Protein chains: 4
Amino acid sequence: MIAILKQGTTPAQMQHLVDWLKHMNLDVHVSKGAEVTVLGLIGDTSRVDMELLKSLEMVESVKRVSEPFKQANRKFHPKDTIIQAGHVRIGGGYFAMIAGPCSVESEEQIIAVAQSVKESGANLLRGGAFKPRTSPYAFQGMKGEGIRLLLEAKKATGLPIVTEIMNINTLDLFADVDIIQVGARNMQNFDLLKELGKTQKPILLKRGLANTLQELLMSAEYIMSEGNEQVILCERGIRTFETTTRNTLDLSAVSVLHKLSHLPVVVDPSHATGKAELVPPMAYAATAAGADGIMIEVHNNPACALCDGAQSLTPHQFHEVCHKVRKIREAIV
Amino acid sequence: MIAILKQGTTPAQMQHLVDWLKHMNLDVHVSKGAEVTVLGLIGDTSRVDMELLKSLEMVESVKRVSEPFKQANRKFHPKDTIIQAGHVRIGGGYFAMIAGPCSVESEEQIIAVAQSVKESGANLLRGGAFKPRTSPYAFQGMKGEGIRLLLEAKKATGLPIVTEIMNINTLDLFADVDIIQVGARNMQNFDLLKELGKTQKPILLKRGLANTLQELLMSAEYIMSEGNEQVILCERGIRTFETTTRNTLDLSAVSVLHKLSHLPVVVDPSHATGKAELVPPMAYAATAAGADGIMIEVHNNPACALCDGAQSLTPHQFHEVCHKVRKIREAIV
Amino acid sequence: MIAILKQGTTPAQMQHLVDWLKHMNLDVHVSKGAEVTVLGLIGDTSRVDMELLKSLEMVESVKRVSEPFKQANRKFHPKDTIIQAGHVRIGGGYFAMIAGPCSVESEEQIIAVAQSVKESGANLLRGGAFKPRTSPYAFQGMKGEGIRLLLEAKKATGLPIVTEIMNINTLDLFADVDIIQVGARNMQNFDLLKELGKTQKPILLKRGLANTLQELLMSAEYIMSEGNEQVILCERGIRTFETTTRNTLDLSAVSVLHKLSHLPVVVDPSHATGKAELVPPMAYAATAAGADGIMIEVHNNPACALCDGAQSLTPHQFHEVCHKVRKIREAIV
Amino acid sequence: MIAILKQGTTPAQMQHLVDWLKHMNLDVHVSKGAEVTVLGLIGDTSRVDMELLKSLEMVESVKRVSEPFKQANRKFHPKDTIIQAGHVRIGGGYFAMIAGPCSVESEEQIIAVAQSVKESGANLLRGGAFKPRTSPYAFQGMKGEGIRLLLEAKKATGLPIVTEIMNINTLDLFADVDIIQVGARNMQNFDLLKELGKTQKPILLKRGLANTLQELLMSAEYIMSEGNEQVILCERGIRTFETTTRNTLDLSAVSVLHKLSHLPVVVDPSHATGKAELVPPMAYAATAAGADGIMIEVHNNPACALCDGAQSLTPHQFHEVCHKVRKIREAIV
């Protein structure tokens with residue numbers, strides 16, 4: 001960590017700061033230049049409160065030179081992490097095609113969708129049982145019963161399942177779930193992350209709406225620092241001023257995360273865009289950008305004329321997406 | 001709620017949509033114009049999934065005309081809500097001057113700060129016991145012991161206390177806390193909000209970094225819909241592209257929230273700006289904008305040369321702020 | 001255009017508004033619902049000041065149902081526009097591979113780069129002669145001499161050239177330029193757009209850092225409404241809170257623009273990301289998303305050890321990008 | 001300027017970089033720490049292309065320690081600049097109350113508004129003659145005739161006038177204008193800024209919708225570096241994700257700009273919020289934050305029932321605002 005001191009800092013002020021830093025078991029290397037004095041902090045700087053340091057009157061700016069995340073850091077773990085979820089692998093060349101309905105609604109629905117997406121090429125089944133909703137009056141999901149139905153669909157198709165947790169007190173219900181999802185709104189629910197870190201389940205961690213990639217990695221670190229290294233990162237769009245799409249899908253995140261971390265990165269174009277017509281092109285773009293997987297909402301209700309065109313793809317559209325994703329993966333090898 | 005249909009929607013498609021809406025116990029009023037067909041949905045539209053409706057192929061756009069929040073809505077509750085926290089009132093002309101250290105560090109510290117800010121004019125004491133930190137390696141607060149020390153300071157000074165909860169499983173520790181704070185990162189931790197809605201404690205709900213004012217009100221609604229109407233809203237800066245301040249303080253929020261809701265609105269200039277020198281002008285601006293209170297970090301460590309200039313004010317600076325805030329309140333009556 | 005009136009609007013207020021709208025040669029269709037009154041405005045609403053209408057006390061909200069752009073609108077021009085720049089076509093299945101150095105520096109440099117990128121597969125040459133720079137003290141480009149050198153490179157290789165204009169008073173210098181670029185900072189320099197609309201040159205119009213896609217199309221409309229229909233839209237990243245990339249490349253823009261407009265859409269991953277290592281994956285992603293072209297900075301200075309890794313690709317890296325872009329285009333057909 | 005090199009940079013690579021920097025007439029001070037090497041660049045770094053430096057493979061990060069603006073910099077000009085516009089002073093304790101209609105519409109209108117706002121306490125008259133509009137089909141202002149009418153109003157009331165320029169080729173029309181405004185969309189129209197720098201007119205420079213405060217100061221520097229030091233900075237709201245206000249007014253900007261620069265800072269709450277009801281509280285907040293002036297839209301059309309509640313204040317509302325602004329200014333002395 002580097003701290004640049006303002007011109008005009010007195011030797012006494014600087015000494016105060018150096019003493020305080022040494023008190024935190026850091027070595028401090030002072031370099032006085034013509035215009036500026038730079039302090040190099042050596043040792044375990046992950047405990048240093050960078051915001052506090054920045055806010056000091058005498059400090060011009062602070063810059064980490066080693067990232068504050070350790071276990072998620074590629075520097076200390078150069079090889080891609082490969083996550084094992086049931087019989088499926090994700091990362092290091094293994095691609096996750098995660099598909100399923102927004103919410104689990106009935107046994108017939110979830111089994112039919114599961115069979116359909118499996119035939120098209122999905123290797124993981126998603127479906128919402130606990131649903132985070134902006135309004136307390138909106139449908140909040142089938143909860144425990146939804147998980148039970150997902151497990152029926154898993155039994156029927158062999159597809160491992162991915163579903164979201166919102167409250168650590170419901171963890172027991174996730175005993176047979178293959179990948180536990182943490183939603184965007186809970187990305188910095190640190191107590192939840194720590195408890196999930198004590199399990200040995202793969203965790204799919206979604207980026208918060210306004211969180212930087214470094215914050216996403218720090219949240220992964222919360223899970224990993226408790227002993228669970230099975231974390232999958234998920235880009236799902238960030239909040240910007242643009243209003244034609246629900247969120248702005250940040251595909252540069254795939255390469256940036258791959259460079260900084262060894263963890264696999266999947267992309268969710270359905271939630272990012274909020275429009276079915278944008279899902280296929282963004283699924284192709286995510287694949288071309290090097291994602292380790294994509295996560296797509298698919299419905300299976302031929303009677304529901306309404307559903308066509310909504311955020312979920314039809315099984316037929318999903319089949320086409322799977323086909324082209326495979327071709328793009330061959331093209332970028 | 002109004003749904004505008006795209007040109008070219010067939011009568012059969014429209015009928016499907018109308019049937020689906022009626023199935024949700026809504027009356028639908030169809031208005032065919034020259035260029036466009038507008039559906040007016042009448043009834044309890046708070047359960048309608050607006051995102052789903054928007055994402056339908058045939059739908060051009062959807063617009064709520066009645067806000068989706070009810071209990072927080074000024075339309076149904078025209079008078080300002082006045083919150084009672086201990087002997088202190090907030091809202092409806094009563095002003096909260098909330099001050100205290102970022103973190104509780106020791107009994108001496110918290111009592112000394114409490115006495116000092118009380119003398120200057122604070123009527124509520126804040127202090128962090130559970131600290132949400134981006135890094136798992138950073139200091140996470142004194143936790144239960146921190147709350148115990150806050151209660152000692154309350155005993156010593158009579159100031160009611162405000163402190164943050166991060167995990168519903170620690171609720172018992174907050175039995176004697178006067179106002180429970182929900183931090184920005186937990187603004188959409190809906191399960192936490194619902195549990196707090198079952199208490200009768202005043203809740204200080206901070207706006208999330210990238211949450212709209214309507215989402216803030218919907219989160220207040222989560223608490224209120226469970227029976228707890230004692231909610232204080234808090235603006236504390238939003239995330240934007242600007243980097244000279246930690247966040248961008250959105251002071252228009254004060255008037256907008258006052259117009260939409262009867263709940264009191266306080267402003268936290270310390271976290272919003274991250275620099276002590278910006279705290280006084282933003283405290284004055286918040287007061288002039290009509291806030292029902294401000295929340296300021298104050299430290300009390302004359303030996304700590306470091307602390308001057310950091311995000312926290314010195315007791316002397318805080319004294320000056322209290323004085324000018326009083327004068328501005330008189331000026332805008 | 002739809003205007004939704006607030007509950008409680010009096011008949012007299014509404015009549016005032018209706019009279020005012022009729023005064024602008026609009027027909028007004030009034031639809032009174034149970035909760036809300038909707039005015040449907042019929043006629044040429046492109047002249048209506050939507051911001052003014054929105055700001056009226058009695059108006060709840062305003063929604064355009066027909067887009068305010070006409071000539072750029074796909075509804076009135078369903079077929080893809082194909083732009084002809086020299087012998088090269090762009091749009092409607094024709095792909096622009098635009099490459100060249102950030103700035104023109106010398107005749108040797110620009111001719112060498114031009115020859116190199118042509119061999120790899122570029123069909124258009126880019127290079128900055130007039131450089132918009134945040135600082136008045138930074139190098140502002142070779143200006144007229146830079147354009148002269150680009151024309152030499154065109155003569156040597158046959159590649160049509162693309163270069164940026166910053167001031168309409170320099171238009172004469174662009175007489176032999178094939179495509180005139182309008183930079184992000186000038187996207188809403190309306191007087192410049194209008195003057196370019198009076199030429200018959202293809203215009204490459206870059207999206208502003210904080211402009212919506214609708215504003216981009218309105219700026220295209222400024223050019224087209226003066227008679228020049230040869231507009232190429234360019235996505236080059238938007239400003240968000242994320243700091244690991246210079247900007248956030250918004251690839252959904254490609255599909256959204258293709259849906260709304262018949263104009264070709266190219267993507268500039270070099271400026272969007274600011275890091276060479278991110279340029280290839282974002283070039284692949286843009287291609288997979290359906291872009292009509294990409295625009296890449298390439299340098300050609302084997303002696304310059306510095307340049308490797310900067311925002312510009314080496315000729316060798318560019319060669320690889322061209323190869324994979326071709327393969328991805330085949331994959332998504 | 002400080003450049004931090006990545007671990008693993010070879011001595012040869014570093015030497016290349018040092019040679020290149022020295023070639024730009026900079027002294028380079030190399031400081032090798034345990035984890036990191038820091039280069040301190042000494043000399044005129046305002047010409048260094050920071051983006052290029054950052055993008056180099058071997059460079060971890062770059063940090064300016066001296067701001068890139070010189071003439072706008074308070075370090076080199078500690079005293080507040082006081083701008084003289086006609087007989088009115090702005091800055092250094094002198095407050096500008098700028099008021100007038102959005103657009104000049106007729107001689108009667110502009111003179112009536114001018115007389116009214118003068119009586120309430122305005123000391124400068126604003127009014128749009130050239131109007132930047134998103135749509136080419138919208139009313140673009142009365143142009144030269146609008147300026148002529150503003151000059152009539154100036155003659156009638158003695159109020160100096162402020163109006164916007166969009167195109168340098170119209171500069172002659174501004175000969176008798178007291179303050180020339182550069183709008184948000186032209187904040188980085190560098191050629192326009194340079195030409196205005198050659199005049200001796202006070203320039204009111206509005207912050208762009210997505211421009212940082214440092215970029216605003218660099219645009220002021222464009223004007224000042226050509227010889228015109230009469231620049232007034234104007235905060236008018238930035239673009240964020242929030243949609244209840246047209247833009248988000250960033251009032252921290254006032255203090256930040258005052259700290260970095262000696263130039264006066266005014267605030268425009270009318271354009272920032274887009275709603276009349278938000279203008280008074282934001283005018284009070286801006287005053288309390290220490291602004292050197294505010295700029296408010298006022299209409300004067302008692303017959304226009306429509307206008308009440310729109311973005312413009314009525315003369316009566318403006319009168320009240322002037323009164324409270326005076327009281328707040330006294331309170332914060």
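Colleague: By what turn can chain B be laid on chain A?

Modeller: It's a predicted model, so local features need pLDDT of at least 70 and side-chain atom pairs count only at pLDDT 80 or more, while totals for chains, interfaces and linings use all residues. Residues are numbered from 1 along each chain as its sequence is written, and chains are lettered from A and ligands numbered from 1 in the order in which they are written. Copies are superposed by least squares on the C-alpha atoms of residues with pLDDT of at least 70 in both. Chain B then goes onto chain A with an RMSD of 0.0 Å and a shift of 0.0 Å along the axis, by a turn of 180 degrees.

Colleague: Which residue of chain B comes closest to the rotation axis?

Modeller: Going by C-alpha positions, the distance is 2.8 Å. The residue is A210(B).

Colleague: What share of the contact residues of chain B recur in chain A?

Modeller: Residues are in contact if their C-beta atoms, placed from the backbone, lie within 7 Å. The same surface serves both copies, and the share that recurs is 98%.

Colleague: How many residues does the contact take from chain B?

Modeller: Chain A puts in 43 residues. From chain B the contact takes 44 residues.

Colleague: And what relation do chains C and A have?

Modeller: Chain C can be laid on chain A with an RMSD of 0.0 Å, using a turn of 180 degrees and a shift of 0.0 Å along the axis. That makes the relation one of a two-fold axis.

Notes
Contact = placed C-beta atoms within 7 Å.
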